[in-house]
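Student: Hi! Could you walk me through this one while I have it open?
Tutor: Happy to, let's look at it together.

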Amino acid sequence: MSDVNADDWVSSGHRPMGFPEFVVVIASIMALNPLAMDMMLPALPNIGAAFGIPNANHLQLVLSTFLIGFGAGQFVMGPLSDRFGRRPVLLGGMAVYAVASVLAVAAPSFETLLLARALQGLGTSATRVIATSIVRDCYAGRRMASVMSLAMMIFIAVPVIAPSFGQAVLLVTQWRGIFVVLMLYGVLALAWSVLRLPETLPESERRSLAPADVLSAFRQTVTNRQTIGYATAAGAVMGALFAFVFSAQQVFTGIYHLGHYFPLAFAAIAAGTAIAGFLNARFVGTLGMRVISHGALTLYTAVAGVMLLTEILGVLPLPLFMVLSALMMFSFGMMVANFTALAMEPQGHIAGTASSLYGSITTLIGIAVGTAIGQSFDGTLLPFSIGFFLSTLAALAIVVVVEKGRLFKPHHRPIV
């Protein structure tokens, strides 16, 4: 990282790209994942009708199977990128994503579609791990958090518009057309990366793939108090978010009867995360990662408590649910980039492996929690409200333990 350049922001590690293009490229790569996830939401009833799936909860598998491939794939992407460099692993993952999109377009059965979704998730695991590793190769500390926040601001805008985009596609074609759009976007992102994204990991810093070395890197990651603590906490809060996404279509169309207006409601809520990404990028350099993320986690917990209480009392109308959900998204957006930066802060020497393991831990915990909550959907918001509150309390407890009770206070060195 270039720390004393005349331009304090631009690292020599990503030249010839300037800072704005670097952020946009990283965001576009990372956006493969939420685009493939959230464009599917309005299409779930259509997929169920096409394949004769009677239970609406089973259609959540279109989302959770994708995330399983995403979470599991991250175990190997980091070590591979630490050994062979960022570019080949990234480009290979994006190619897998494009091929999986073709398979989904032609899927003759629900099982084949789920296989294609798992492969899409596997491909996007490379994009998420490598994007984080590339940022860590070029920046560190609060600068890394700011770069990640700027990328997240663009990246998080995707879930805001993706359901509406998916709904627009459904107006002109069948649900398979969504996978055509995903394939075209993947090919475009792949071409941009081939032409402009440099290799950011020097030959001298590459690591062996020998089992002992890989296990050593895994051990360094999971035994670091700060890394494993924030990874586990992030998984818990992500579980509540996954549960919300898994059941969003059922909630908005089944409980609140919004019909085709569901994507607009989802967009209004998800906009809170994009706003949070902008604010975090603006203030993290001044306030620090801990002050912002711990404050956001406190807000997340308060929102979960209010939602549970109002649902128990039977006073959770659509406007209040929209406000609470927007606050949930906002606080999540203020946490996610900072939790990632805090977890990765001590792992610069094994950024690829650490990013890989961090992503797997957070995603798989999130899938387990989110699936358990989502599959409990019974036509009311009570299962979600209980799950949201419990998972958030668990995250808060973990962060308190990791920080030894010193919330909101910056540290001069990472916790080990």
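Student: Great. Which residues in H4 meet which residues in H10?
Tutor: This is a predicted model. In it, Leu 63, Ser 64 and Leu 67 of H4 touch Phe 242, Val 245 and Phe 246 of H10.

Student: And how does that contact of H4 with H10 split by class?
Tutor: Five of the residues are nonpolar and one is polar, with no charged ones.

Student: What angle do H4 and H10 pack at?
Tutor: About 145 degrees, and their axes lie 9 Å apart. H4 covers residues 61-84, while H10 covers residues 225-255.

Student: Switching topic: which domains does the assignment give?
Tutor: The domain assignment has domain 1 at 16-209 and domain 2 at 211-410. Their centres, taken over C-alpha atoms, are 19 Å apart.

Student: How many residues does each domain put into the contact?
Tutor: Domain 1 gives 49 residues and domain 2 gives 58.

Student: How much area do they bury between them?
Tutor: About 4200 Å², with 64% of it on carbon and sulfur atoms.

Student: How many salt bridges and polar contacts are there across that interface?
Tutor: The rule finds zero salt bridges between domain 1 and domain 2. For polar contacts, it finds 10 residue pairs, both residues at pLDDT 80 or more.

Student: Which helix supplies the largest share of the domain 1 side?
Tutor: H7 does, with 17 residues. Helices H2 (32-38), H4, H6 (110-138) and H7 (141-172) each supply at least two residues there.

Student: And what are the classes on that side of domain 1?
Tutor: The residues touching domain 2 comprise 27 nonpolar, 15 polar and seven charged.

Conventions: Residues are numbered from 1 along each chain as its sequence is written. This is a predicted model: local features need pLDDT of at least 70, side-chain atom pairs count only at pLDDT 80 or more; totals for chains, interfaces and linings use all residues. Side-chain values use heavy atoms; hydrogens and water are left out. Axes are lines fitted to C-alpha atoms, for helices over the stretch in contact, and angles run from 0 to 180 degrees between N-to-C directions. Helices (H or I, at least four residues) and strands (E, at least two) are DSSP runs, numbered from the N terminus. Contact means heavy atoms within 4.5 Å. Ala, Val, Leu, Ile, Met, Phe, Trp, Tyr, Cys and Pro count as nonpolar, Asp, Glu, Lys and Arg as charged, and the others, Gly among them, as polar. Domain bounds come from an automatic or database domain assignment. Buried area is the accessible area (1.4 Å probe) that two parts lose on being put together, summed over both. A salt bridge is a side-chain nitrogen of Lys or Arg within 4 Å of a carboxyl oxygen of Asp or Glu. A polar contact is a pair of N or O atoms within 3.5 Å; within protein, one must be able to donate a hydrogen and the other to accept it, and residues adjacent in sequence count only if both atoms are side-chain atoms.
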